Amino acid sequence: LFVAAGLTEQKANETLKNKQVSASFAEAIELVRIIKYSGFDKSVGNLLYQISTRLKHKHHLPTIVSYVASKKLKTDIQLNCALDYLKNNPSMPLDESKFSEASGVGVEVSPAQIEDVIEKLVEANKAELLEQRYKFNTGKILMNARKLLKFADGRIVKSELDMQILDLLGPKSEADLEPASKPKVPYFICDSKCKFIRLRGFQATTGNGHQIFIKCFVVSHMTISYLINIFGLMEEHLKITGGQVRTRFPPEPNGILHIGHAKAINFNFGYAKANDGVCFLRYDDTNPEKEEEKFFKGILDMVNWLGYTPYKVTHASDYFQELFDLAVVLIKKDLAYICHQKYEELKGINPPPSPWRNRPIPESLALFEDMRKGKLDEGSTTLRMKHVMEDGKQDPVAYRIKFTPHHRTGDKWCIYPTYDFTHCLCDSIEQISHSLCTKEFQARRSSYFWLCNSVDIYCPVQWEYGRLNLQYTVVSKRKIQKLIDAGIVRDWDDPRLFTLTALRRRGFPPEALNDFCAKVGVTGNLCILEPSMLEACVRTTLNNTAPRVMAVLYPLKVTITNFPNEAGSLDIKVPDFPADESKGNHVTNLTKSIFIERSDYMEIADKSYKRFASDQSVGLRHAGLVLTLERAEKSSKGDVVELFVTCKSVEDSPKPKAFIHWVSATSCLECEVRVYSRLFKHKNPEDTSVVPGGFVTDCNSDSLSVNTAARVECSVKKAKVFDKFQFERLGYFCIDPDTTDNTMVFNRTIPLKEDAGKN
């Protein structure tokens with residue numbers, strides 16, 4: 001169906017992966033058939049595809065499809081204008097005369113018109129063209145041409161301009177082919193002739209040498225006084241901060257941080273540190289129903305654990321009075337109003353227009369004061385901003401009523417600001433220079449700039465970057481809570497999760513997480529990775545930081561019948577880092593009876609088996625001894641329960657095929673070892689097409705194995721919670737907080753990266 005509509009087979013297959021776009025595109029094609037359009041050509045199919053990916057309000061789909069099918073909308077430019085009009089005018093019924101006018105329906109731009117306009121623009125810029133030749137920036141001619149020929153085909157306009165420039169200048173010379181030198185960034189000069197300006201990513205340099213990047217919302221008719229005000233606020237900001245880079249990490253204190261937050265922490269704190277700046281930790285505590293003290297402490301704990309110290313710890317609640325005052329300013333400017341629509345009415349992307357949008361300013365001010373004083377019922381009234389967001393959402397809520405005491409302000413407030421209102425204003429109050437946030441907040445960017453500029457305060461810059469996700473996990477607070485409630489995981493710090501507290505408990509060092517975030521980098525694209533990349537960073541870090549000790553997970557007793565010391569024990573010096581013995585060592589005890597791994601003994605070895613067997617000797621690591629079997633004692637069930645062996649020094653024996661780890665049977669510690677594997681069976685447990693029953697049904701029942709019979713050498717007895725070790729030949733392990741004076745508990749962090757084919 002999609003190929004018949006004009007898509008390539010590859011594009012059609014890619015489209016099928018997105019259910020929402022596929023359904024919308026199929027519906028658009030079906031609508032064309034219903035209105036009995038004679039058939040598709042590639043241009044019509046391309047426009048229908050654009051509609052299916054960009055149309056925000058689906059109730060407009062029949063109208064815009066009929067315009068495309070009847071060839072009233074024929075070009076990308078016309079479609080762009082049509083979609084913009086529908087985004088800003090979502091309510092029904094549609095004024096088709098205004099829609100047609102805004103979309104250029106019936107407008108035909110002839111080649112002669114294009115030629116005439118381009119000729120005049122080339123003539124107006126002739127002196128610069130002759131001076132700069134092909135280094136002249138043709139963008140400004142094309143921009144002016146677009147204003148005069150709004151609905152002309154851009155490719156035809158560009159082709160006509162290229163032809164006329166070639167006619168004026170002739171072919172390119174060698175000098176024309178040389179790369180242009182980079183111009184210095186100019187000072188911004190504002191004079192009386194400047195009446196209109198569009199600021200988008202504009203870069204200027206202030207007199208004291210500070211570069212500022214202005215990314216204000218686009219204003220079609222920005223007056224000189226308005227522009228002067230913006231730069232006045234920027235100048236004041238620079239005086240306060242001295243041009244210092246200021247970032248902030250603004251979590252909501254209603255859950256525990258996860259692996260995606262590690263990237264946000266590294267980016268915000270790391271960017272500030274790299275530029276000799278500062279980073280605030282600001283709690284977005286505007287939802288008192290869900291906030292708990294443990295989350296406040298947990299967030300700061302994790303920031304510190306990753307190695308960062310906030311310049312200042314602040315709260316959105318610190319600024320509740322300032323935020324309230326700015327809301328009053330917004331109402332007085334007729335940019336906000338009191339609305340009585342219920343929450344159910346406001347849900348979704350296309351709620352009905354508010355009948356109170358044009359409420360008189362004095363009435364809204366009085367009602368807002370009533371809200372503050374608690375005179376109105378919870379859920380009955382909101383303050384809404386007169387603004388359409390980039391995703392088409394109309395008039396976002398700024399304040400709502402909640403009769404819930406706040407953990408810091410108590411009962412002082414019964415109205416609380418929303419994220420859309422709070423975030424940018426707090427950034428401005430704290431003089432933040434770079435508001436760094438993940439890509440999903442791009443739809444709020446225009447609201448961010450609009451609000452700061454509407455209340456005449458300094459407007460920081462918002463930069464979006466792609467968030468970090470890992471496969472085989474969920475990080476949603478609500479979904480993790482569901483796993484906890486179902487008893488699948490124990491708490492937010494269960495080592496099978498990818499919260500930061502869980503990763504710490506499992507034994508992931510903070511340096512490895514920071515290294516992982518650095519390797520991932522910062523781009524605008526969503527980053528979804530296998531956990532193996534993170535585990536590789538963990539392995540690299542622990543290889544250099546985790547001292548080696550010996551432990552036996554599934555012990556098999558071995559008695560050395562000709563033990564070389566009559567006292568029955570020997571002190572063995574074991575290097576903490578065999579590759580660099582200068583880092584230290586520790587002493588472990590070798591006794592007549594020892595434990596080895598049960599898997600390190602096989603009665604009859606095959607050719608590939610290299611460890612201990614009835615006909616194959618084996619070496620003991622660090623002891624300098626080679627063991628040979630005398631006999632094996634078995635239980636009534638035929639299981640081997642003890643081995644009796646003789647020993648010789650390595651110098652007096654043929655070199656064994658392998659050396660195995662061991663612990664003393666009489667001077668070791670019993671311990672509990674918890675081994676974790678993936679909590680979920682599928683890469684994306686939230687994908688209902690792969691996991692129809694939902695993510696809870698995708699949980700691996702064998703994701704935790706608890707071994708209470710393990711043994712570890714006594715050198716670890718004084719280790720503290722979260723201390724990390726490499727158990728030789730087994731993996732990396734970390735001491736769990738469940739450890740008591742009587743029982744040590746170890747979590748396996750990750751296994752060793754063993755060589756392929758190792759036995």
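The legends below describe close-up views of a predicted model.

**View 1. Domain 1 and domain 2, with the contact between them.** The domain assignment places domain 1 at residues 3-103 and domain 2 at residues 111-170. The C-alpha centres of the two domains are 32 Å apart. About 360 Å² is buried between domain 1 and domain 2, and 74% of this area is on carbon and sulfur atoms. The interface of domain 1 and domain 2 has 0 salt bridges.

**View 2. The salt bridge between Glu 430 and Arg 282.** The closest N and O atoms of Glu 430 and Arg 282 are 3.1 Å apart.

**View 3. Loops on either side of helix 18.** Thr 418 sits in the loop between strand 9 (415-417) and helix 18 (419-429). With a relative accessibility of 12%, Thr 418 is buried. Leaving aside residues up to four places away in sequence, Thr 418 touches Val 397, Ala 398, Tyr 399 and Arg 400. Gln 431 is in the loop between helix 18 and strand 10 (434-438). Gln 431 is also buried, at 14% relative accessible area. The phi angle of Gln 431 is positive, near 60°, in a residue other than glycine.

View 4. Of the 10 residues of helix 19 (residues 445-454), 10 are buried, so the helix is largely enclosed by the rest of the structure. Among them are the aromatic side chains of Tyr 448, Phe 449 and Trp 450. Asp 456 follows helix 19 and has a positive phi, near 60°. The side chain of Asp 456 forms a salt bridge with that of Lys 333, at 2.8 Å from N to O. This pair links distant parts of the chain, 123 residues apart: Lys 333 is in the loop between helix 15 (320-332) and strand 6 (336-339), and Asp 456 in the loop between helix 19 and strand 11 (461-465). Lys 333 is partly exposed at 36% relative accessibility, and Asp 456 is partly exposed at 36%.

View 5. The side chains of Asp 493 and Arg 505 meet at 3.1 Å, N to O. Asp 493 lies in the loop between helix 20 (477-485) and helix 21 (500-506), while Arg 505 lies in helix 21, so the pair ties together parts 12 residues apart in sequence. Asp 493 is partly exposed, at 23% relative accessibility, whereas Arg 505 is buried, at 8%. Through shared partners, salt bridges join Arg 490, Asp 493, Arg 505, Glu 672, Arg 674, Asp 736 and Asp 738 into one network.

View 6. Strand 14 runs parallel to strand 29 (residues 724-727), and 2 bridges join them. Arg 548 stands opposite Gln 726 of strand 29. Arg 729 is in the loop between strand 29 and strand 30. The phi of Arg 729 is positive, near 70°, in a residue other than glycine.

View 7. Strand 16 (residues 555-560) pairs with strand 19 (residues 593-597) in the antiparallel sense over 5 bridges, and Val 558 stands opposite Ile 594. Strand 16 runs parallel to strand 24 (residues 640-649), joined by 4 bridges. Across this pair, Lys 557 stands opposite Glu 642, and Thr 559 has Phe 644 as its bridge partner.

Terms used. Residues numbered from 1 in each chain as written. Predicted model: local features only at pLDDT ≥ 70, side-chain atom pairs only at ≥ 80, totals over all residues. Heavy atoms only, no water. Buried < 20%, exposed > 50% of the residue type's maximum accessible area, 1.4 Å probe, protein only. Contact = heavy atoms within 4.5 Å. Pairing = 2+ DSSP bridges. Domains from an automatic or database assignment. Buried area = accessible area lost by both parts, 1.4 Å probe. Salt bridge = Lys/Arg side-chain N within 4 Å of Asp/Glu carboxyl O.
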